[in-house]
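Please keep the sequence and the structure in view while reading.

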Amino acid sequence: MSDRPVVFRVLGPLELEIAGRAVPLHAAKPRALLGLLLLNANGFTESDRLIDQLWAGRPPASADTTLRSYVYQLRRRLEPLDGASIEGRSGGYRLAVREGLVDADRFTSLISLGRKAFQDAEYAAAAAAYREGLALWRGPAFDGLDVPAVRDRARTLDDLRGEALEACIGIEMEHTAAPAPLAELEALVAAHPLREGPWRLLMLGLSRAGRQAEALDAYRRLFRILDEELGVRPSDSIEELHREILTGAVHPQPRTAAPAVPRQLPAAAPYFTGRAAQTAELDALLPGGTGDRDAHAATVALVTGTAGIGKTTLAVQWAHRAADRFPDGQLYVNLRGFDPAGTPAEPTEALIGFLRALGALPETLPEGLDALAGAFRTLTADKRVLVVLDNARSFQQVLPLLPGAPQSMALVTSRSRLSGLIAHGAQPIPLPILDDADAMRFMDRRLREPRTAAEPEAARAIVDACSGLPLALAIAAARASADPHFPLADLAAEMRGAGDRLDALADPDQAADLRAVFSWSYRALTPDTGRLFRLLGLHPGPDFPTAAAAAAAGTTPRRATRMLTELTRANLLTEPAPGRFAFHDLLRAYAAECAEAEDPQADRAAAARRVLDFYLHTTYAAQRIVAPARDAIDLVPASPGVEPAPIADVPSAVAWFTAEHATLIAAVGYAADRGLDSHCWQLAWTVRDLIDRARWHGLAPLLRTGLDATRRLGDRAARARLCSILAQNFAHLGDPDDASAHADEALALCEELGDRAGQAHALHVHARIRIRRGRIDEAIACGMRALDLYRAARHEAGEAHVLNSIGWWHCLSGDHEAALHYCGRAMSVMERIEDRIGQADTADSIGHAHMMLGHHTEAVERYRHAIGIYRSLGAHQAEALTCEKLGDTLHAAGDRAAARESWRHALDTYAVLEPADEKSLRAKIDGLAAAVPEG
């Protein structure tokens with residue numbers, strides 16, 4: 001080991017301190033690279049990010065080689081030194097630095113020590129810690145480095161320096177005999193002219209030094225700056241100090257007594273938006289409010305929600321609004337339940353702070369948690385106090401801090417549901433994401449409406465990418481507002497993908513970095529639940545049932561339920577319906593990133609395979625119940641331990657299709673992307689029975705994806721199946737050319753394979769194409785050829801369906817008696833093989849033939865039979881079509897009231913599924929209303 005220790009100095013120009021001597025780095029790019037690696041010291045930084053930052057998004061073709069050269073130069077520089085080294089691995093680099101060797105880390109540690117000493121009323125120690133930290137500065141942080149990410153970190157450090165200096169001077173002036181450092185204060189107000197704290201200290205210091213005229217001039221300067229820059233007046237506390245200076249009431253000695261009426265609330269957010277419903281709930285809980293309160297107990301409100309949802313913002317905003325209802329004080333403590341340092345505040349620590357804020361002298365405080373809690377309740381027994389307990393982790397942490405007086409109130413925020421606190425009587429107030437209107441309103445206010453109005457599409461895209469998460473909106477707005485000339489379209493482009501959004505919402509300040517904020521909740525999970533969280537990020541759909549989560553983890557539904565409960569209590573998942581769970585979009589992206597970083601590729605692939613096994617086998621079971629006459633296929637075997645969801649009957653099959661529609665659509669492409677081609681085509685083949693006939697346009701891309709998978713597999717039989725279905729799909733869409741091409745391909749493949757049933761399927765589609773082209777006689781002839789092949793193959797379902805088609809085509813030709821003959825034969829077979837959808841289609845055809853023959857009673861009976869089956873199978877479009885025809889028949893039979901009812905039922909469906917049909921049907925209803933007014 002070298003005896004030449006190295007210290008990295010960034011609080012000024014970036015330089016190394018070797019054996020106590022400053023050594024500057026002259027080469028610009030290696031110096032910038034070192035700055036970037038120091039931003040994530042001891043963490044892995046991707047090469048792509050380094051390249052993007054070093055060359056401002058426009059890297060040369062040789063960027064990878066040049067980056068390796070710079071890394072080599074830095075390694076040579078650091079090799080002979082003690083305490084730091086650069087490690088490389090595939091895709092990036094890590095600067096390993098021993099603790100305490102970066103001056104910025106030393107500075108932030110000293111500031112934390114100063115804050116802790118101040119809370120403990122150790123004022124001299126607090127001032128000393130602040131001064132030691134401030135002495136580390138040599139100029140602006142990272143001075144001379146013009147790299148975006150480094151500039152952001154530098155601004156954060158510079159701001160912290162200003163806050164630390166303000167706090168230090170305040171402590172020295174208020175709690176020690178030190179005179180006001182007026183030169184420092186003048187420099188501080190010059191650096192931060194819009195912050196009132198330094199101005200207040202300057203006014204106070206000048207006045208105590210007997211320089212009242214200069215103190216009043218400082219007030220006038222502040223007034224002018226606030227008026228010109230923000231259009232606001234100084235705060236009430238500044239105005240009060242101004243009046244005291246005017247009247248000579250400023251005391252010449254520092255004030256050291258603890259306040260008897262604490263006002264501990266942090267500053268309220270300046271751009272608070274929305275939350276009207278939650279604010280109303282809190283208002284109702286106030287003493288004298290409309291809420292149902294126990295007159296003998298303090299009210300406790302519990303605001304819960306996921307990371308970044310705005311719990312603290314709401315709590316502080318509302319607490320300021322309600323402060324006048326609690327004249328004996330407002331107490332606040334951050335319980336650090338999900339602090340990145342992993343050290344939740346002890347209740348004892350919080351109680352000591354509360355008691356001292358309420359005027360208790362240190363020597364009078366008892367020892368032990370129970371005694372301190374008793375003293376707190378005694379001191380507040382006849383007071384009206386609001387206690388804000390922010391970022392709580394557990395019920396046990398909160399319970400000793402609750403006031404006991406009925407006129408007092410506690411407001412708790414937590415990422416966990418704190419079931420024990422709710423059982424104790426707390427009123428839960430869960431926070432949802434912001435709705436679109438409130439999210440857009442926030443962005444308008446934060447960026448100024450003229451700017452968002454100038455780029456409305458980009459502003460909307462940014463808001464949409466934030467998915468209603470207030471922290472994401474705030475970070476995005478901060479990025480955009482840092483430079484008023486920064487095009488919103490550029491930020492919107494950065495946030496297009498879920499992973500891109502997390503990159504765009506990154507920040508050197510962990511409190512404002514979305515990944516870091518999420519990580520504080522994630523790291524608190526038990527190991528098995530953390531693994532489930534990661535693997536669920538790989539799920540293809542918007543939500544999922546318990547059984548799908550069990551499949552992802554390779555465990556039982558019972559064990560998965562326990563882990564899902566932990567995730568929902570931590571607000572990392574929501575449960576929008578019993579037994580169904582969903583991610584926030586950005587949390588899903590974070591979970592997937594964690595999986596990629598922590599789980600081996602083989603484990604991720606196995607989890608994806610299990611999820612697809614679950615959906616394929618469950619959906620196939622549902623499809624066999626809904627369409628039992630459909631040709632069977634040999635499914636890919638399910639992975640060991642995967643338990644398909646139980647599908648017992650038609651209603652449960654329909655419910656499955658309804659609940660999983662979006663996931664099943666996504667699963668087809670998901671399987672293709674992961675090279676699981678057998679799953680891909682089998683899912684595409686299976687889901688065609690869940691696609692309502694109103695959504696044929698949505699089916700075509702899925703079938704194309706499945707067809708491509710069969711080609712990659714070289715599976716001709718599967719390819720023929722998908723070609724036939726695609727041909728039928730295109731025929732329904734009115735695209736006879738594509739339909740013919742796929743039907744021809746299917747027919748040729750089936751002839752090669754000797755598959756007579758497959759040939760019949762292809763010919764049946766060819767017949768439908770001829771109908772689309774108005775060639776009815778050719779269609780009937782083609783259908784008869786298909787019928788012969790079905791019979792030769794002993795394929796009863798195909799025989800029945802083509803008989804119904806032939807009957808329908810006779811209807812189109814005007815031969816309704818022939819139609820009844822063929823459809824009657826079809827119905828006999830449909831009933832024998834229990835083909836429910838086929839029975840409904842055939843009943844519709846028979847009803848149409850009867851209607852055209854004037855047999856209204858028979859037509860109505862058949863239509864209603866078809867409607868009942870369609871409804872039971874969730875075939876909404878088919879139900880609506882038949883309802884319209886039933887209305888036509890009832891109208892022709894003279895039953896206008898029943899016709900109107902049937903048409904309106906059809907209209908309700910058309911309004912969602914088929915706007916063109918909606919228009920023509922509404923004209924029928926309007927015409928009937930004009931002829932016979934309602935009522």
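## The covered helix H30

In helix H30, the residues that count as buried are Asp 677, His 679, Cys 680, Trp 681, Gln 682, Leu 683, Ala 684, Trp 685, Thr 686 and Val 687. The helix, which spans residues 677-687, is thus mostly covered, with 10 of its 11 residues buried. Buried here means under 20% relative accessible area, while exposed means over 50% and partly exposed lies in between, with a 1.4 Å probe and protein chains only. Helices (H or I, at least four residues) and strands (E, at least two) are DSSP runs, numbered from the N terminus.

## Basis of the model

This is a predicted model, in which local features need pLDDT of at least 70 and side-chain atom pairs count only at pLDDT 80 or more, whereas totals for chains, interfaces and linings use all residues. Residues are numbered from 1 along each chain as its sequence is written, and side-chain values use heavy atoms, with hydrogens and water left out.

## Two helix pairs

The axes of helix H34 (residues 756-772) and helix H35 (residues 776-792) come within 8 Å and cross at roughly 165°. That angle makes H34 roughly antiparallel to H35. Axes are lines fitted to C-alpha atoms, for helices over the stretch in contact, and angles run from 0 to 180 degrees between N-to-C directions; those under 35 degrees count as roughly parallel, over 145 as roughly antiparallel, 65 to 115 as roughly perpendicular and the rest as oblique. H34 passes H35 in a left-handed crossing, a term used if the near helix is turned anticlockwise from the far one by less than a right angle, with right-handed used if clockwise. Among the residues that meet are Leu 763, His 764 and Ala 767 in H34, and Ala 779, Cys 782 and Ala 786 in H35, where contact means heavy atoms within 4.5 Å. The residues of this contact of H34 with H35 divide into 12 nonpolar, 5 polar and 4 charged. In this division Ala, Val, Leu, Ile, Met, Phe, Trp, Tyr, Cys and Pro count as nonpolar, Asp, Glu, Lys and Arg as charged, and the others, Gly among them, as polar.

For helix H1 (residues 28-39) and helix H6 (residues 148-175), the axes come within 9 Å and cross at roughly 55°, and H1 and H6 are therefore oblique to each other. Their crossing is left-handed. Gly 35, Leu 36 and Leu 39 in H1 meet Ala 149, Val 150 and Arg 153 in H6, and the residues of this contact divide into 4 nonpolar, 1 polar and 1 charged.

## Salt bridges

Side chains of opposite charge can pair when their charged atoms come close. The structure holds 41 salt bridges, each being a side-chain nitrogen of Lys or Arg within 4 Å of a carboxyl oxygen of Asp or Glu. One of them joins Glu 660 to Arg 580, with the closest N and O atoms 2.6 Å apart. This pair links distant parts of the chain, since Glu 660 lies in helix H29 (residues 650-673) and Arg 580 in strand E14 (residues 580-582), 80 residues apart. Glu 660 and Arg 580 are both buried.

Another salt bridge brings together the side chains of Lys 885 and Asp 844 (2.7 Å, N to O); Lys 885 sits in helix H40 (residues 876-892) and Asp 844 in helix H38 (residues 836-852), 41 residues apart. Both Lys 885 and Asp 844 are buried. Elsewhere, salt bridges that share partners join Arg 9, Glu 15, Glu 17 and Arg 138 into one network. Arg 9 counts as buried because its relative accessibility is 18%, whereas Glu 17, with a relative accessible area of 24%, is partly exposed.

## Individual residues

Phi of Arg 275 is near 65°, a positive value in a residue other than glycine. Arg 275 is placed in the loop between helix H10 (236-247) and helix H11 (276-284), and is buried, with a relative accessible area of 7%. Asn 391, a residue other than glycine, also has a positive phi, near 60°; its place is in strand E9 (residues 386-392), where Asn 391 is buried, with a relative accessible area of 18%.

Thr 555 is found in the loop between helix H25 (546-553) and helix H26 (557-569), and counts as buried at 13% relative accessibility. Leaving aside residues up to four places away in sequence, Thr 555 touches Ala 550, Ala 560 and Met 563.
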